[in-house]
Amino acid sequence: MRTIGVVTVSRSDYGIYLPVLRQIRQQPELRLQLIVAGMHLSPEFGLTADAIAEDGFTIDERVEMLLASDSPEGVAKSMGLGTIGFAQAYARSHPDILLVLGDRFEMHAAVVAAVPFRIPVAHIHGGEATEGAIDDCLRHSITKLSHLHFVATEEYAGRIIQMGEEPWRVIVSGAPSLDNLQRIQLLPRPELERLAGGPLQDPFLLVTYHPATLEDEPPEIQFGEVLAALEEVDAGVMFTYPGADTGSRAIIRMIHEFITAHPQARLAANLGMQGYFSAMQYARAMVGNSSSGIIEAASFRLPVVNIGSRQKGRVRGKNVIDVGCARGEILRGIRQALSPEFRGGLSDLINPHGTGHAADTIVGTLKDLKLNDALLRKRFHGT
């Protein structure tokens with residue numbers, strides 16, 4: 001039986017993984033080894049490891065790595081702790097293949113630790129770009145440390161080959177999160193409002209904002225501009241938490257201050273995938289700089305006001321309105337997104353990130369892949 005080790009470090013990557021995890025578990029030739037780390041184990045970010053267990057998955061390894069500080073020093077130290085913790089996990093239970101996703105610093109630590117163990121690494125969502133965040137270089141570093149690449153679009157496949165990866169290692173699977181839309185049952189609005197802590201105004205905006213970690217301005221300055229724009233909009237607001245990046249705690253504090261001043265605003269710290277997709281279904285528009293606005297929102301034909309440079313470089317649908325970080329630009333983008341004309345123009349939108357069958361491709365490849373020396377010995381393509 002082939003053991004597939006899967007590393008999940010946050011609620012967002014877990015939701016993307018879910019169709020893949022289910023398919024691995026259904027294959028008699030495969031054994032799922034789930035390694036849980038990062039924000040999943042933090043009460044501050046909702047202790048979402050509990051939700052994984054509630055979904056019926058066994059957590060084989062827990063890697064505690066997040067310090068209480070989100071300063072640059074704190075993040076760098078967390079990466080070091082993660083490398084140690086993942087190394088200890090691999091020493092106890094050496095997977096045949098390690099499956100990782102995305103661009104988080106916690107995920108990078110998992111891949112770095114796998115190198116001395118000669119564990120083949122398969123990476124989902126490589127080749128993308130987030131030019132406003134340190135995640136961009138972490139993602140490309142994970143690509144060079146990986147042996148197999150499952151990408152969302154042909155354009156991303158071309159970027160990975162441009163980085164010197166051999167074409168046979170690169171597989172266009174589409175985005176796994178879209179597979180969830182084939183089977184998920186969205187929540188009734190009253191249940192979503194229960195998760196949000198109270199009634200949602202109609203219309204309401206779904207706001208998910210993460211620190212742009214390569215910008216010179218402190219995150220609280222940029223997020224202050226977002227909040228100032230929201231003050232001038234005749235719509236409700238539903239916030240979700242940012243990830244555990246440098247500056248995230250300042251954003252969380254500002255969200256709570258905004259809600260105190262605006263009792264009709266809502267915060268859903270841990271919606272889960274079902275709740276988050278349900279929020280996309282009922283929201284009139286999405287505001288922020290989350291990858292979910294670039295990848296999943298198109299499937300709901302949901303207008304997205306994408307702020308700043310964090311997602312610059314990603315393929316996007318015509319539902320995305322790119323704006324700068326000043327409140328005037330953000331406000332104009334929100335008003336455009338709320339206009340009936342803009343939303344009406346999205347009726348024929350097709351999500352460029354796939355058709356919802358990524359898990360079939362990913363799991364089928366992992367099952368049939370030859371685990372040999374040729375897989376581990378990488379050659380630079382194009383020379």
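## Largest pocket

In this predicted model, the largest pocket holds about 500 Å³ of space. Its lining counts 24 residues, and those closest to the centre of the pocket are Asp-55, Leu-271, Gly-272, Met-273 and Gln-274. By class, the lining divides into 9 nonpolar, 8 polar and 7 charged residues.

Four helices each supply at least two lining residues: α1 (11–26), α2 (49–54), α7 (189–196) and α10 (272–282). The most comes from α1, which gives 5 residues to the lining of the largest pocket.

## Second largest pocket

The second largest pocket has about 150 Å³ of space. Among the residues that line this pocket are Leu-178, Leu-181 and Gln-182, then Ala-298, Ser-299 and Arg-301. Leu-349, Ile-350 and Asn-351 also belong to the lining, as do Gly-354, Thr-355 and Gly-356. Here the classes are 5 nonpolar, 6 polar and 1 charged.

## Sheet of seven strands

An open sheet is built from 7 strands with parallel pairing, in the order β3-β2-β1-β4-β5-β6-β7. At its edges stand β3 (59–63) and β7 (170–172), each of which pairs on one side only. From one strand to the next, the twist averages 20 degrees. Within this sheet, β1 (residues 2–8) runs parallel to β4 (residues 97–101), and 3 bridges join the two. Ile-4 has Ile-97 in β4 as its bridge partner.

Helix α6 (residues 154–162) lies across β6 (148–151) and β7, and runs at about 175 degrees to β7.

## Sheet of six strands

Another open sheet consists of 6 strands, also with parallel pairing, in the order β10-β9-β8-β11-β12-β13. The edge strands β10 (266–268) and β13 each have a single partner strand, so one side of each is left without a neighbour in the sheet. The twist averages 25 degrees from one strand to the next. Strands β8 (residues 204–208) and β11 (residues 285–288) run parallel and are joined by 4 bridges. The bridge partner of Thr-208 in β11 is Gly-288.

Helix α7 packs on the sheet in contact with β8, β9 (236–240) and β10, and its direction makes about 90 degrees with that of β10.

## Salt bridges

How many salt bridges does the structure hold? The total is 24. One of them joins the side chains of Arg-314 and Asp-103, at 3.9 Å from N to O.

This pair links distant parts of the chain, 211 residues apart. Arg-314 sits in the loop between β12 (304–307) and β13 (320–323), strands of the six-strand sheet. Asp-103 is in the loop between β4 and α4 (105–114), and β4 is a strand of the seven-strand sheet.

How values were computed
Residues numbered from 1 in each chain as written. Predicted model: local features only at pLDDT ≥ 70, side-chain atom pairs only at ≥ 80, totals over all residues. Heavy atoms only, no water. 1 Å grid on protein atoms, 1.4 Å probe; cavity = no way out; pocket = protein on both sides within 12 Å on 5 of 7 lines; lining within 4 Å. Points joined across faces, edges and corners; volume = space filled by probe spheres on them. Nonpolar A, V, L, I, M, F, W, Y, C, P; charged D, E, K, R; others polar. Pairing = 2+ DSSP bridges. Axes fitted to C-alpha atoms, helices over the stretch in contact; angles between N-to-C directions. Contact = heavy atoms within 4.5 Å. Salt bridge = Lys/Arg side-chain N within 4 Å of Asp/Glu carboxyl O.
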